[in-house]
Amino acid sequence: MGEQKASPEKRGGGLAPLIAPEGPLAPLIAVVGSDGSGKSTLSADLLAHVQQTRRAESGYLGLGSGEQGRRIGRWPIVGPPLHRFLDGIADRLREPGEPIPGMLAARYALNKSRKRRAKFDALVARRGAGITIVTDRYPQLEVPGLHDGPILAGRATTPRLAAMQAQERALYAEMAAYVPTLVIRLHVDVDTVMARKPDHDRALIMRKVATVPLLTFNGAPIVDIDATIPYEDELALAVAAVDRALAEA
């Protein structure tokens, strides 16, 4: 139940620094991958498997922004144009080459990341209480703008925006310093994702699929699984990997 913890970057303001519990942390299994890779289904089945032998709970660290935007898009009359406007802001926030679109958008992004950090604090506390966590996402720094990385991935054009971006990066550095016990990294092709999630933006899915291999989570143990194989085979591979990791934790 020991915890591997990397050194975080210099922290920013907004929340008290994460302090590791005095005792060891229970294991954490993170299932990661593009939208449509089956993260939620696999993590739920893995949680049920782990609960057969130990105290375990799910850990949700998402922000719900994508589904929230799609719900807005279904509103009558104003929904579609508002959804397009919000998507445009989100695209500019996550694009490294684009300028951050103003203080209002930056405050919105920083507030979202602070909410994620608060969820992470609660998750660490549960691990400190001896509860194993299975989650279908995990904060990271390798790919800003995607995969639960920093939201402010764009270019800061003023000192104030740069300071806010640094604050957000510090929040993610502190979270990413808690290295998962095991990462199950799911790989899927774009056509499969679009067949499973036809309402998603293909260009964005292409970026997400292409960047999954870049996710290393501070050197965490990673098992790569093809999420297009029959699900029973995928689950068997994942269960075997989880059992090995828990036996060694």
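Which residue in β3 does Ala-30 stand opposite? Ala-30 stands opposite Thr-135.

First, some ground rules. This is a predicted model, in which local features need pLDDT of at least 70 and side-chain atom pairs count only at pLDDT 80 or more, while totals for chains, interfaces and linings use all residues. Residues are numbered from 1 along each chain as its sequence is written, and side-chain values use heavy atoms, with hydrogens and water left out.

## The sheet

Helices (H or I, at least four residues) and strands (E, at least two) are DSSP runs, numbered from the N terminus. Five strands make up an open sheet in the order β2-β3-β1-β4-β5, and their pairing is parallel. Two strands count as paired if DSSP finds at least two bridges between them. At the edges sit β2 and β5, each of which pairs on one side only. On average, neighbouring strands of the sheet are turned by 15 degrees against each other, with direction ignored. For angles like this, axes are lines fitted to C-alpha atoms (for helices, over the stretch in contact), and angles run from 0 to 180 degrees between N-to-C directions. As background, strands of a sheet pair through backbone hydrogen bonds, either parallel or antiparallel.

Now back to β1. Strand β1 (residues 28-32) pairs with strand β3 (residues 132-135) in the parallel sense, over three bridges. Ile-29 has Val-134 as its bridge partner in β3. Strand β1 also runs parallel to β4, and four bridges join the two. Here Ala-30 turns up again, standing opposite Val-183 in β4.

Is β1 buried or exposed? Buried means under 20% relative accessible area, exposed means over 50%, and partly exposed lies in between (1.4 Å probe, protein chains only). Five of the five residues of β1 are buried, so the strand is largely enclosed by the rest of the structure. Both of its faces are covered: Leu-28, Ala-30 and Val-32 are buried on one side, and Ile-29 and Val-31 are buried on the other.

## Helices

Contact here means heavy atoms within 4.5 Å. Helix α6 (residues 190-196) includes Val-190, which is buried with a relative accessible area of 16%. Val-190 and Arg-202 are twelve residues apart in sequence, and their C-alpha atoms are 7.6 Å apart in space. If you leave aside neighbours within four places in sequence, Val-190 is in contact with Arg-202, Ile-205, Met-206 and Val-209.

## Charged pairs

Side chains of opposite charge can pair when their charged atoms come close. A salt bridge is a side-chain nitrogen of Lys or Arg within 4 Å of a carboxyl oxygen of Asp or Glu. The structure holds ten salt bridges, and the table shows some of them.

| Pair | Closest N to O distance |
|---|---|
| Asp-136 and Arg-137 | 3.7 Å |
| Asp-224 and Arg-185 | 2.5 Å |

Arg-126 belongs to helix α4 (residues 102-128) and Glu-57 to strand β2 (residues 56-58), so the pair ties together parts that are 69 residues apart in sequence. Arg-126 is partly exposed at 24% relative accessibility, and Glu-57 is partly exposed at 30%.

Next come Asp-224 and Arg-185, which form a salt bridge at 2.5 Å. This pair links distant parts of the chain, with Asp-224 in strand β5 (residues 222-226) and Arg-185 in strand β4 (residues 182-187), 39 residues apart. Asp-224 is partly exposed, at 43%, whereas Arg-185 is buried, at 10%.

The remaining pair in the table is part of a network of salt bridges that links Arg-116, Asp-136, Arg-137 and Asp-148. Asp-136 is buried at 10% relative accessibility, while Arg-137 is partly exposed at 21%.

## A charge without a partner

Lys and Arg count as positive and Asp and Glu as negative; His and the chain ends are not counted. Glu-168, found in helix α5 (residues 159-176), is buried yet has no salt bridge. Which side chain of opposite charge is nearest to Glu-168? That is Arg-169, 5.0 Å away. Leaving aside neighbours within four places in sequence, Glu-168 is in contact with Ala-109, Leu-110, Ser-113, Pro-150, Ile-151 and Leu-152.
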